[in-house]
Amino acid sequence: MSATIVSDKNLHYPVLLKEVLNIISPQNGGTYIDCTFGQGGYSKKILEFPDTKVIALDRDPKSKTIAIKFKKKFKDRFDFHNRKFSDLDKIRLPKKINGIIFDLGFSYSQIKDYSKGLSFNSKGKLNMKMGLNKISADDVIKKLSVTQLELIFKLFGEEEKAKQISKKIIKERLLKDIKTEDLVRIINLSKQNFTKKNKATKIFQALRILVNNEISELVSALSKSCNIVSDNGVIAIVTFHSIEDRICKFFFNSITSSKSVSRYLPISKSEEFYFKLINKKVITPTHEEIDANPPSRSAKLRSIKRHGIEKIETKFLSEKFEKLLEIEKTCSKL
Ligand SMILES: C[S@@+](CC[C@H](N)C(=O)[O-])C[C@H]1O[C@@H](n2cnc3c(N)ncnc32)[C@H](O)[C@@H]1O
């Protein structure tokens, strides 16, 4: 889900902002990479502290408009790259990076942009592209087999009615072009709802993950980040669904603890850990924040701090999530 809201006064603010700032400590200055610039909520707060610099990335070309304003105001303290965060290692970076932050998912402005089709209220051609994509949700619904659809709905959406919904999609697509409103109708007819969540939440999540290759993006960016951040630097990440959180939790635990998953690390390194968990328990929004911004309820913040400069071997992460990565790759080849 989205990390950002627009209040009654149309003010945009990001989820867990205070908590993220506490972890990265920009009051001491330093250079930070904001991997999910969005509307610049985190970047702005960091840049309000003197002696800070931000290198921002966002895959959505629309973020450029806000980035141009930042550039005018903060000049050489700010740089923006319209790139995916899996490209982190392809950007020219200074030697010292004090922190790398991620606020995953999509922004309020993206969900309100109905042409992106991320909202259940969107109409027309299925889309769900956040930017710099190869495929759209329209391609997925038109071209995947019934088995592939069922698989992605089950694995990426944890949807119990994956089979029924996939079968209905295949039946209907023989007769007509399935638009966003048709997909919502198919889902609504297939499901009863016992929770407050919209019935289409899980299927939309599954399609969004596939269209935006969210699993490989995250696995790749995490693996690269831990060798980019400097000694004493931090990585902080806000996730919004269980798959993202599972990947982060596993990765952070693996590189910070000898107990949990050391079998995935090279034997010679298994007793040496160059990262420490900053918050042992996951941080979630306060009741006040959830009241003010209900979509923040699924946010989870995890963070680690680097100690030393030794290169970390990260292949174990893609090996652990091999199955999900393979499905994402195969189903994206349309
Ligand atoms: C929740 S918003 C971030 C909001 C931001 N923290 C703020 O305060 O305005 C997530 C942003 O991440 C971007 N994003 C998602 N996946 C990305 C990826 N793989 N690479 C780069 N940007 C990505 C989206 O386009 C969106 O703008």
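Predicted model: local features only at pLDDT ≥ 70, side-chain atom pairs only at ≥ 80, totals over all residues.

Trainee: Why is α6 called oblique to α14?

Mentor: The axes of helix α6 (residues 146–157) and helix α14 (residues 322–332) come within 11 Å and cross at roughly 140°. Angles under 35 degrees count as roughly parallel, over 145 as roughly antiparallel, 65 to 115 as roughly perpendicular and the rest as oblique, so α6 is oblique to α14. The axes are lines fitted to C-alpha atoms over the stretch in contact, with angles running from 0 to 180 degrees between N-to-C directions, and the helices themselves are DSSP runs (H or I, at least four residues) numbered from the N terminus.

Trainee: Which residues of α6 and α14 meet?

Mentor: Gln148, Leu151, Ile152 and Leu155 of α6 meet Leu324, Ile327 and Cys331 of α14, where a contact requires C-beta atoms, placed from the backbone, within 7 Å. By class, this contact has six nonpolar, one polar and no charged residues; Ala, Val, Leu, Ile, Met, Phe, Trp, Tyr, Cys and Pro count as nonpolar, Asp, Glu, Lys and Arg as charged, and the others, Gly among them, as polar.

Trainee: What makes α6 roughly perpendicular to α9?

Mentor: The two helices, of which α9 covers residues 201–211, pack at an angle of about 100° with their axes 8 Å apart, and that angle makes α6 roughly perpendicular to α9. The residues of their contact divide into seven nonpolar, two polar and one charged.

Trainee: Why is α7 called oblique to α8?

Mentor: Helix α7 (residues 162–173) and helix α8 (residues 180–190) pack at about 135°, with their axes 10 Å apart, and that angle makes α7 oblique to α8. The contact is made by Gln164, Ile165, Lys168, Ile169 and Glu172 of α7 with Asp182, Ile186, Ile187 and Ser190 of α8, a group of four nonpolar, two polar and three charged residues.

Trainee: Why does Asn213 count as buried?

Mentor: A residue is buried if 20 or more other C-beta atoms lie within 10 Å of its own, exposed if 12 or fewer, and partly exposed in between, the C-beta atoms being placed from the backbone. Asn213 has 20 such neighbours and therefore counts as buried. Asn213 lies in the loop between α9 and α10, and its phi is near 45°, a positive value in a residue other than glycine.

Trainee: What makes Ile290 and Leu132 partly exposed?

Mentor: Ile290, in helix α12 (residues 287–292), has 16 C-beta neighbours inside 10 Å and so counts as partly exposed. Leu132, in the loop between α4 (108–112) and α5 (137–143), has 14 other C-beta atoms within 10 Å and is therefore partly exposed.

Note on methods. Residues numbered from 1 in each chain as written. Contact = placed C-beta atoms within 7 Å.
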